[in-house]
Amino acid sequence: MVAIVVAEKPSAARNIASALGGTRGSYKGTAYEVASLRGHLYEFAQPHAMVDSSLADAYQKWDLGNLPWNPTDLTWKRAPQKNVADVIKALRSALGRGAEIVIATDLDPSGEGDLLFWEAIDELGFHGRKFSRMEFTDESKTSIQRAFERRRPVKSMQDEGDYRKAMYRSQFDFLSMQFTRIATAMGRQSGQDLVLRQGRLKSAMVSLVGNQQKAYDAYVKKPFFQNRFRDENDVMYTNPDEPRCDQRSRVPQQYGRSAVVLDSKADRRTAPPKLLDLASLSSMLVGKGVKANLTLSTYQKMYEDQVVSYPRTEDKTVTPEQLKDLAPLVDRIAAVVGVDAALLTHRQPRPTHVKPQGAHGANRPGPKVPSSLDEVERKYGKAGRFIYEMLAQNYLAMLAEDYLYEQQRGHVQEYPDFVGIANVPKSPGWRSVFDPDGAGDAAEADENESAKGLGQTAEPFIFEGANKRPEHPTMKWLMKQLEKHDVGTGATRTSTYSEVTNDKAKYPLLTEKGRKLRLAQAGEMSWRLLPGTHIGDLGLTEKVYADMRDIASGTATAEERLAVVADWVREDIVAMSRNAASMRAELGLEQQAVAARAQGVWQAAPGGPKKVAFKAAWSGHEFGDDEVERLLAGQTISFEARSRAGKPFTATGTLGVGDFEGRKFVGFQLEVPDKPTMWSGRTFTPSEVTMLLAGQELQIDDFVSARTGKTFGCKVSWDARAKKIAPDFGSGDEPPRSWCQVTFTDAQRKDLAAGKTIQGTGFVSAKGKTFDARISWKEEGGKKKIVPSFD
């Protein structure tokens, strides 16, 4: 009778195997075998694959007329993730050998560990077996052994509140795809062919950054002048009732030098800052040039090697046991990161940092202590060095004494309404261990800190101040706001932030420039569409979490709570439609007419005849009734169309299934030619066609840009396999004939080839903007290319 222990991922399986004595064997009389998932092995299928065939077309199309979806239409069918076939095969085999299946996935407050276990059981058909649950706070040997011995019997999937609440959240987020379709439709009606992705966390990020960016950009400095005092130790004395003037000359000169009276002295102390979550850590690293996605991937590698703790924790504290487990390693960790262990005298648990409740515990160093930071850097790169150094120093700060200072309060003797405060450091405590810059609220600069304390004599002066400018959005600022509104966990915030700021993504929502954060083009549009919507409401996550608690406790069902989403979709269609008008006005866009659609029964549809609807126009040509009938009958038609550059050409094709941004649609599909005919507004001559088919590369200088209508030149060849023209814009040994729609003279190409820098004008960017630049022909990234400079 073998118990199959199912871990969440291979690294967890290794830790469990190590604790129990091997991948298989017997532990205290119970035969066991350790198996592993690899996170989520399955994901929800596309919406049209979850509904009856009669509804599939409506659920596949992005037209607003097909929204909202009815959650009861969806079967919640799953499909395997990519590249997990080997994991599924091994898991199926292991489960088949077990008399008992042990859930040993992470014990997440969100229930995610239960969800990924049960979805695998569901898909593989292993319901009805004997199940039990291992419940452990971390993957230490002691925790795993105790959890195996005390595993809790489990009746079924639906009896587990953690599974029910996690499944609800997963279903809710899937239904949120509808909000992406609404926003995208509004963008396309405004002539912008973008996918505007919406979701609880993405939309919250866009709303927060957009609002803060607006406040920052709209800031108008309003100076003021006011009487204040300053003593010889540079301590300032202020009177909150002293009037402020808009000009220096209007400040009345009515005060003179006066002695300072010390009113009180008192010792004050500040506890160490809270332990870091992944979002706080990543925010600090952005300031060192480490992108969020690199922090995530590097941290994951370090975790798998047990150099740091579990990344996706929601905890901000550690348990007494976790503190005890790491205690023997503290001095070694301190030596690695250059902290004097003699400073770590507060080794008893702090109630602010150590609590009995918790799962994985806050982010901290792991049980494998490296020999040095240089070793960390050799294995994990510069990012790994920064991660370990910051994480370790932050954890060690908890073991140092409080920062102690003396707070002195006093007033100007002759003018007692002017009061000064001086915080005089007495003992640095934890501040000698962890640099507070960037560590969070506890690390904000103390404007009253003074090395000498209050002085003896105060001099009057005219202080010049101004209204405070709103902070420019940064990752650190955004993560604080998300935490304040309880939107997402630290790890989820970091991974989503990495996704929406990825400059390699087709439609990023946010852009980073140094530490500063701004809306990208898709983000600008989304921000203007979100006011007054449900998906843009920062309280939405709080609502979902409340639903999860109710569903876990059994006082509500997922079906009940999901039913409201349809009403939210209807209301958000109205709200975004209203917002789209102001968006177009602010961004200078024009409303586009919604394309007419033809419909009927497509006789040649894959899988047999079915009713379809498709655009009744293509590339400037409107289909006549006869053409629509022929297309629906599966026939090929030809007609005169116009390219984006306005050039006429003959289009030949049939009705077919196309793909745009991963979504399928029915529409006219241009017939792929067996030979080159035209490219970029230019028709090839018969002799050029012959040479291209023979595999020759041709230099042609009168192509026309579809975006700007400008003429440009480049080398082209015919890709016979893909049946398309392959352009070459000059990435070889010779400078190209043109770049950014400017054709070079022979003399300019000669200068570039000789390594000279030349001045160019009238270049056109990919976004259609004209610019001038000095350019050179240099090697970058292993190949030569045109390199502009703007100095």
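**Helix packing and aromatic rings**

Modeller: Let us begin with contacts in this predicted model. L278, A279 and S282 of helix α9 meet G490, A491, R493 and T494 of helix α15.

Colleague: How many residues of the contact of α9 with α15 are nonpolar, polar and charged?

Modeller: The residues of that contact between α9 and α15 divide into 3 nonpolar, 3 polar and 1 charged.

Colleague: What describes two packed helices?

Modeller: Two packed helices are described by the distance between their axes and the angle between those axes. In this structure, the axes of α9 (residues 278–286) and α15 (residues 490–500) come within 7 Å and cross at roughly 45°.

Colleague: Let us turn to the rings. What describes a pair of aromatic rings?

Modeller: A pair of aromatic rings is described by the angle of the planes and the distance of the centres. With centres within 6.5 Å as the rule for pairing, the count comes to 25 aromatic pairs. One of them is formed by F44 and F174, with 5.4 Å centre to centre and 75° between the planes. Planes over 60 degrees apart count as edge-to-face, and the pair of F44 and F174 is edge-to-face.

Colleague: Which parts does the pair of F44 and F174 tie together?

Modeller: F44 lies in strand β4 (residues 42–44) and F174 in helix α6 (residues 161–175), so the pair ties together parts that are 130 residues apart in sequence.

Colleague: Are F44 and F174 buried or exposed?

Modeller: Buried means under 20% relative accessible area. F44 counts as buried at 16% relative accessibility, and F174 counts as buried at 9%.

Colleague: What are the values for the pair of F623 and F668?

Modeller: F623 and F668 form a tilted pair, at 5.9 Å centre to centre and with 50° between the planes. F623 lies in the loop between β20 (621–622) and α20 (625–632), and F668 in strand β23 (residues 663–670), so this pair ties together parts that are 45 residues apart in sequence. F623 is buried, with a relative accessible area of 9%, and F668 counts as buried at 6% relative accessibility.

Colleague: Which residues form one aromatic cluster with F44 and F174?

Modeller: Y59, W69 and W76 form one aromatic cluster with F44 and F174.

Colleague: Which residue lies over the face of F148, and which over the face of F224?

Modeller: R151 lies over the face of F148, at 4.4 Å from the ring centre. R244 lies over the face of F224, at 3.8 Å from the ring centre.

Terms used: Residues are numbered from 1 along each chain as its sequence is written. This is a predicted model: local features need pLDDT of at least 70, side-chain atom pairs count only at pLDDT 80 or more; totals for chains, interfaces and linings use all residues. Side-chain values use heavy atoms; hydrogens and water are left out. Axes are lines fitted to C-alpha atoms, for helices over the stretch in contact, and angles run from 0 to 180 degrees between N-to-C directions. Helices (H or I, at least four residues) and strands (E, at least two) are DSSP runs, numbered from the N terminus. Contact means heavy atoms within 4.5 Å. Ala, Val, Leu, Ile, Met, Phe, Trp, Tyr, Cys and Pro count as nonpolar, Asp, Glu, Lys and Arg as charged, and the others, Gly among them, as polar. Rings of Phe, Tyr and Trp (its six-membered ring) pair if their centres lie within 6.5 Å; planes under 30 degrees apart count as stacked, over 60 as edge-to-face and the rest as tilted. Buried means under 20% relative accessible area, exposed over 50%, partly exposed in between (1.4 Å probe, protein chains only). A charge sits over a ring if NZ of Lys or CZ of Arg is within 6 Å of the ring centre and within 35 degrees of the ring normal.
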